[in-house]
Amino acid sequence: MPISLFRRKTEEPAPAAAPRRRPAPRPPAAESYEPAEPVTLTDDPLRRFLEQGRYGIVLAHGEAWAGQPGIEEVCRAATAAIDDRFALVPEGFAALPQTVDDHPGCPEIDVPVEPFLLALDPVTHAEFQLFVDAGGYQNLELWPEDIWPHIIDFRDLTGRPGPRYWREGRHDRRLADHPVVGVCFYEAQAYVRWAGYRLPDEAEWQMAASWRIRSSANTLRRYPWGDALDTTRCNIWASGVGRTVPVTEYESGAAPNGVRQLIGNVWEWTASDFSVVDAEGNPVVGDMLMKSIRGGAFDTYFPAQATSCFRTGLAALARTHNVGFRAALDLGGR
Amino acid sequence: MSGTYATVPQARIGATVDCMICGTPNGPDAAQCRQCLAPMALVHDAGAQEAPPALVSIIGESNVGKTVYLGFLLDMLSQRAGDFEAIPKGAYSIDLQQTVISHMAARAFPPKTPMEADRWLWAYYQVHHRAADRWVDLVMPDMAGESLAAEVAAPRTFRVIRDLLTRSAGSLLLIDAALAANGSPQPDFFGMKMLSYIDSMRGARRDQRIDTPTAVVLCKADHCPEAFDDPRRFAEANLNRLWNLCLSRFSNVEFFAASVVGSLAYGTSARQEFVSLIPLHTALRGILEPFQWIIDQV
């Protein structure tokens, strides 16, 4: 599978701009909701995988499907799509703070990270729509068995299966290229399974953002672009936007391999349980299982909570307005 | 001279200065009003202004989040959030904001507001609403929920509360939406008591309704997103007693939802009988909207 080793950022960093201050808009009322039109897919099951963005599935099953008409062309297209939409995160380390009081000098554990592929962008509403339309909420194979009783609760504002803030099972077409939000950890996990990917674990996510590659320099970045906060490179509260933006914005805040919006816009679910202790070494727990989320969101008030190393967690079943996810893939295509 | 807005030089020559909150004359060097314990610095700062400041009360029961709400509101205003910018009058106005922000940034809630009125933190800000191009001087104290409850239960226990609410140009009534959504009637009853107290204090006749702007803010709404979806509908369903009292006695009331904490966790210990609450990260939502609604009408 030919994958570009490193994407080069071709553009210069965005010039410093005056901080934008706009009032946070209220969520669109029902009467202003503009549902996305249904997408018509091809009848060819192999090509349908491509149209649905399930490139990982194609790569994982390509050999097993050998002999199917057109399989070689479909595999080539899937490989090219992954090459275009994922970037290599090189081997490195992630230093995970172990205490909830994560001040400099607090106990950390160095976790080695193997090279892997990480999606350039978070999953969008439009991409998640394809999962919903394909019956992802009805396909129990995608969900852990202990979550089956909860799937009936994964409804939109009108009671249809889908993210929390959709209506009638459709996303608002004006937000098609914004990161999907209102999905719990299990919905994120079901999507990536359906598409043939996985969620990055916490150490992988931190490695991608802090870029602590294995080298003699042993440095890490506080932000993917460097060590200083720059609100023109990310969408947090101090950026003054007050809502999500399309996933391709803030190119100047990308990591060296081109992965965008690791900081800000939406928090991102990871595959890891959230596990820290307090100052006395006692476990910090939530009302239910908490999964690690990373990166901060458009409404993250403290810039120190939107850095490459800041650890926090959220109830795995929470479906909030500011948490999305992105896909990861092993180098072998798994 | 005895006047509400005595200037500092006048005060220094020995004249008494009337308290802005209760009107009691105080000596020129008094730090706090001898009657209601409000800081006299408010009066000195207000004296230099063209018009008296408007009082905005933030009320609610203990642990509803008044201090955190007010601290973040002030901090957002001082960072030119939304259509607003705000200038603190006097260093004392920054204490509340600083306390809240420094604690929350370190993943801890600020200490409880003491019951004693002389230990409350007050904030005096000049707020510029850019869209309307108007300035409003606002004084907002951080009152303790226990003190509010005591005053409501036995009027005139805390004279400063009664005087504040009498003179308030608008009120934000904070309600614990998470508790209400969980089936507890407590937020409903406390909200009713608070508004009944104001109703009784204003002495409005049965056929009159109180027109002081009152924003009912459903706090901790991150635990019940339905409150964000439609605050009015949430209030009608989960705070029906309060809802009906608002309809029958208050002509200028609006409902909002707000949250500050993005995720809450607990520090546990086998040795301790209680758990400590840990705000893992902040996610501000709905903080400015009720304030803007009040400001638009002050």
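Analyst: Let me start with a convention: two strands count as paired if DSSP finds at least two bridges between them, and helices (H or I, at least four residues) and strands (E, at least two) are DSSP runs, numbered from the N terminus. This is a predicted model, in which local features need pLDDT of at least 70 and side-chain atom pairs count only at pLDDT 80 or more, while totals for chains, interfaces and linings use all residues. Residues are numbered from 1 along each chain as its sequence is written, and chains are lettered from A and ligands numbered from 1 in the order in which they are written.

User: ok, what is the bridge partner of Val285(A) in β10(B)?

Analyst: Val285(A) has Tyr266(B) as its bridge partner there. The strands involved are β6(A) and β10 of chain B (residues 259-267), which run antiparallel and are joined by two bridges.

User: and which strands form the open sheet with β6(A), in what order?

Analyst: The order is β6(A)-β10(B)-β11(B), an open sheet of three strands with antiparallel pairing. Its edge strands, each pairing on one side only, are β6 of chain A and β11 (276-285) of chain B. Within chain B, seven bridges hold the antiparallel pair β10(B) and β11(B), and Ala265(B) has Ile278(B) as its bridge partner in β11(B).

User: how many residues does each chain put into the contact?

Analyst: Chain A gives 26 residues and chain B gives 22 residues, where two residues are in contact if their C-beta atoms, placed from the backbone, lie within 7 Å. On the side of chain A that touches chain B, β6 (284-285) and β8 (312-315) of chain A each supply at least two residues, and β8(A) gives the most, with three residues.

User: what about the residue classes on that side of chain A?

Analyst: That side of chain A divides into 13 nonpolar, seven polar and six charged residues. Here Ala, Val, Leu, Ile, Met, Phe, Trp, Tyr, Cys and Pro count as nonpolar, Asp, Glu, Lys and Arg as charged, and the others, Gly among them, as polar.

User: switching to chain A by itself, what is the order of the open sheet with β1, β4 and β10?

Analyst: The order is β1-β4-β10 (chain A), with antiparallel pairing, and the edge strands are β1 (86-89) and β10 (328-330) of chain A, each pairing on one side only. The twist averages 30° from one strand to the next, with axes being lines fitted to C-alpha atoms, for helices over the stretch in contact, and angles running from 0 to 180 degrees between N-to-C directions. Helix α7 (residues 202-210) of chain A packs on this sheet, touching β1, β4 and β10 of chain A, and its direction makes about 90° with that of β1(A).

User: where does Leu118(A) come in?

Analyst: Leu118(A) stands opposite Ala328(A) in β10(A). Strand β4 (residues 116-119) of chain A pairs with β10(A) in the antiparallel sense over three bridges.

User: last topic, which domains does the assignment give for chain B?

Analyst: It gives domain 1 (8-46) and domain 2 (53-297), with bounds that come from an automatic or database domain assignment. Their centres, taken over C-alpha atoms, are separated by 27 Å, and the contact takes 12 residues from domain 1 of chain B and 14 residues from domain 2 of chain B.
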